[in-house]
Amino acid sequence: MPPTATLEDIKAHQERVEKDKITPDNLPPCPRCLVESVFFKIHAYRERRFLIIIEMLIKAAYCTLVRFGCPGCGKTFTHYPDFAIPHKHYTLPSIMGFSERYADSDDRTYQQSVMIDGSVPGYPQADATLSPSTVHRWITTVGQLHRTCRTALSLVLEENPATSICRDLARLLVAYRKYKTEHRRKQLLGCRQLVIIERAFLSIFKKSIFTKLATRCAFG
Ligand SMILES: [Zn+2]
């Protein structure tokens with residue numbers, strides 16, 4: 001099965017929006033006037049299209065995202081549900097899952113990383129499939145969540161100082177055939193680090209870095 005959020009995940013978020021359960025308290029303070037996010041007010045509701053994979057077909061699913069506004073200066077901030085990251089239509093399990101498939105293997109190509117049991121998830125009405133270049137872009141995004149990784153790592157170390165995570169991270173390498181530039185090597189390494197930190201975070205705190213912590217770190 002390809003990694004993906006489910007229709008149920010998206011419906012559950014929609015229900016929380018409709019029952020006014022979405023709160024701004026995990027958003028970072030306003031960067032302009034430093035007002036704490038608990039004081040943010042609902043600014044707007046926006047419908048967003050997400051892409052989920054159902055039986056190897058890429059399908060659109062819609063739900064509402066809440067935007068909050070800073071009462072001090074009017075700057076607005078989007079609240080993201082756990083399955084979403086900013087500016088991406090595919091859901092977090094797909095983004096992380098396919099990125100990890102590529103980054104964690106020494107020889108898998110981008111083309112091979114989109115294949116599940118010999119086929120590639122496709123769009124129902126178009127003669128198109130999940131593109132290998134999409135996975136390339138996802139790695140660019142998840143490989144640059146440095147602040148999120150640092151914050152999560154320090155929480156893990158605080159909670160369990162005896163953990164071997166720093167050794168595990170120091171041992172990580174990226175196969176030389178996977179990059180042409182130092183910049184790309186760092187993104188691939190960042191992606192692999194995120195996978196390890198997320199795993200440790202999940203096992204200690206029984207919850208994911210996504211999306212409360214990532215939100216607080218402004219997805220940086
Ligand atoms: Zn403000």
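Predicted model: local features only at pLDDT ≥ 70, side-chain atom pairs only at ≥ 80, totals over all residues.
1. The zinc ion. Four cysteines supply the protein donors of the zinc ion, each through its SG atom, namely C30, C33, C70 and C73, and these atoms lie 2.2 to 2.3 Å from the metal. The angles among the 4 donor atoms run from 97 to 119 degrees, and the site is tetrahedral; this assignment follows because four donors count as tetrahedral if all angles lie between 85 and 135 degrees. For reference, the ideal angle for four tetrahedral donors is 109.5 degrees.

2. Spacing and accessibility of the donors. Along the chain, the donor residues of the zinc ion follow the pattern C-x2-C-x36-C-x2-C. C70 has a relative accessibility of 4% and therefore counts as buried, whereas C73, at 32%, counts as partly exposed.

3. Helix 2 against helix 4. The axes of helix 2 (residues 92-103) and helix 4 (residues 132-142) come within 9 Å and cross at roughly 100 degrees, so the two helices are described as roughly perpendicular to each other. On the side of helix 2 the contact is made by S94, I95, M96, F98, S99 and Y102, and on the side of helix 4 by V135, W138, I139 and V142. By class, the residues of this contact divide into 8 nonpolar and 2 polar, with no charged residue.

4. Helix 4 against helix 7. Helix 4 also packs with helix 7, their axes coming within 8 Å and crossing at roughly 75 degrees, and this pair is therefore likewise roughly perpendicular. Helix 4 contributes H136, I139, T140 and V142 to the contact, while helix 7 contributes R184, Q187, L188, G190, C191 and L194. The contact of helix 4 with helix 7 has 5 nonpolar, 4 polar and 1 charged residues.

5. P121. This proline is placed in the loop between helix 3 (110-113) and helix 4, and with a relative accessibility of 0% P121 counts as buried. P121 and I58 are 63 residues apart in sequence, yet their C-alpha atoms are 6.3 Å apart in space.

6. T64. This threonine lies in strand 2 (residues 57-69) and is buried, with a relative accessible area of 14%. Not counting residues up to four places away in sequence, T64 touches H13, Q14, V17, Y45, R46 and E47.

7. Finally, a cis peptide bond with omega of about 5 degrees joins F210 and T211, and T211 lies in the loop between helix 7 (182-205) and helix 8 (212-216).

Methods: Residues numbered from 1 in each chain as written. Heavy atoms only, no water. Donors = N, O, S within 2.8 Å, 3.2 Å for Na, K, Ca; no water. Tetrahedral: all angles 85-135°; square planar, octahedral: opposite > 155°, others 65-115°. Buried < 20%, exposed > 50% of the residue type's maximum accessible area, 1.4 Å probe, protein only. Axes fitted to C-alpha atoms, helices over the stretch in contact; angles between N-to-C directions. Helix = DSSP H or I, 4+ residues; strand = E, 2+ residues; numbered from the N terminus. Parallel < 35°, antiparallel > 145°, perpendicular 65-115°, else oblique. Contact = heavy atoms within 4.5 Å. Nonpolar A, V, L, I, M, F, W, Y, C, P; charged D, E, K, R; others polar.
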